[in-house]
Amino acid sequence: MWLWFHKLGSPPYFYRTAGRLIPWFAIPAVLLLVAGTVGGLAIAPSDYEQGDGFRIIYVHVPSAYLAMFGYVAMAIAAAIGLIWRMKLAFAFAAACAPIGAAFTFLCLATGSLWGKPMWGVWWDWDGRMTSMLVLLFLYLGVIALRGAFDDAAKGDRAAALLAIVGVVNIPIIKFSVDWWNTLHQPATISKLSAPSMTMDMLGWLLIMIVGYMLFFAAVVTLRLRGEVLLRERGARWIRGLDSRA
Amino acid sequence: MREFLLMDGYWVYVWGSWILTLVVMLGLIVTARRHHRRALVEAARETEAPLPARAAVKELS
């Protein structure tokens, strides 16, 4: 196990392994996303209060999960990079940032599209929405900070520090609906209590969440391969690569 | 079918959110692939490996 982990830290080994892993993430992701889309739009019953408007949950909640999950993954990788000086960890953090930012944007946009018909407003400065907007700014800040340095190693370290500091926002997002009186509803799925949805609605949501996770893994892995190549410019092992690898 | 498309009158919001999601996801795939190709070209150029670099540039154009 440790040997495998150690080998994974080697850029050429990682590059080839990651290339083989992508289809294992991408194919189940597509299947689950198609199943979740059909189930969420056509099979799941309508909500008794919101009618078919509630179906936005099947794209909104997985985006929110990934926005937070992506940030935590990026911050952990950034911490590993700072502590153990692992180039691959910095590359992973760099690969996560734009993808996490895209899912945060999706969460905010789909939330807004859900808010207008249900609350009558596109936006409200309540705890959940504001902390989610702060998360988007944190992602953009990490991306901008990394690009602001001519020396890539310095950019990586500065962006890593910001990513780690920004983790404080994650519990704020999670508990904002409990701490403050927000327009946003409380958590639908919680570890500590029973979900507020019936299984015929919840099942499709769980399928979508797993599909989104696999999609995230596939896209991050693809982007990570690019980051590894950029960081390994000049290395001998790249000479043997096929342009389609 | 009409009922399904209308989504209880919420069709703009429901279909809008799903289409937006699809566009963003496709955008993520395209940009990730492009990022990888560009990195491959750059890395190959700097390691003096003209053949893969040339092939990848051709593929990009």
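Which residue forms a salt bridge with B:Glu42? In this predicted model the partner is A:Arg233, with the closest N and O atoms 2.5 Å apart. A few notes on that pair and what surrounds it follow.

1. Start with where the two partners sit. B:Glu42 belongs to helix H2 of chain B and A:Arg233 to the segment after H8 of chain A, so this pair joins two chains. Neither end is hidden away: B:Glu42 is partly exposed at 30% relative accessible area, and A:Arg233 is also partly exposed, at 36%. By the rule used, one salt bridge crosses the interface of chain B and chain A, and the rule also picks out three residue pairs in polar contact there.

2. Now the interface as a whole. On the chain B side 33 residues are in contact with 49 residues of chain A. The area buried between them is about 3500 Å², and carbon and sulfur atoms give 75% of that. Within chain B, the residues losing the most area to chain A are B:Tyr13, B:Trp18 and B:His36, which together make up 20% of what that side buries.

3. Of its 61 residues, 36% are buried. The largest share, 23 residues, comes from H2(B). By residue type, that side divides into 21 nonpolar, seven polar and five charged.

4. A:Asp52 deserves a look. It lies in the loop between helix H2 (11–43) and helix H3 (57–84) of chain A, and its relative accessible area of 9% makes it buried. Which side chains does the side chain of A:Asp52 meet in polar contacts? One is that of A:Ser46, at 2.7 Å, and another is that of A:Arg55, at 2.9 Å. Setting aside residues up to four places away in sequence, A:Asp52 touches A:Ser46 along with B:Met7, B:Asp8, B:Tyr10 and B:Val14 from chain B.

5. A:Arg128, in helix H5 (residues 127–147) of chain A, is the one I'd check by eye. A:Arg128 is buried yet has no salt bridge, and the nearest side chain of opposite charge, A:Asp178, is 6.7 Å away. What does its side chain reach instead? A polar atom of the A:Arg128 side chain lies 2.9 Å from the backbone oxygen of A:Ile173, and the side chain also reaches the backbone oxygen of A:Lys174 at 3.3 Å. Beyond its neighbours within four places in sequence, the contacts of A:Arg128 include A:Ser176, A:Val177, A:Thr182 and A:His184.

6. Back to salt bridges: the count over all chains is six. In one of them A:Asp156 pairs with A:Arg146, the closest N and O atoms being 3.1 Å apart. A:Asp156 is in helix H6 (residues 152–166) and A:Arg146 in helix H5 of chain A, so the pair ties together parts ten residues apart in sequence. Both ends are buried, A:Asp156 at 7% and A:Arg146 at 15%.

7. Another salt bridge links A:Arg231 and A:Glu227, with 2.5 Å between the closest N and O atoms. Both lie in helix H8 (residues 199–231) of chain A, four residues apart, about one turn of the helix. Here A:Arg231 is partly exposed at 24%, whereas A:Glu227 is buried at 11%.

Conventions
Residues numbered from 1 in each chain as written. Chains lettered and ligands numbered in written order. Predicted model: local features only at pLDDT ≥ 70, side-chain atom pairs only at ≥ 80, totals over all residues. Heavy atoms only, no water. Contact = heavy atoms within 4.5 Å. Buried area = accessible area lost by both parts, 1.4 Å probe. Salt bridge = Lys/Arg side-chain N within 4 Å of Asp/Glu carboxyl O. Polar contact = N/O pair within 3.5 Å; in protein donor to acceptor, adjacent residues only side chain to side chain. Nonpolar A, V, L, I, M, F, W, Y, C, P; charged D, E, K, R; others polar. Buried < 20%, exposed > 50% of the residue type's maximum accessible area, 1.4 Å probe, protein only. Lys, Arg positive; Asp, Glu negative; His and termini not counted.
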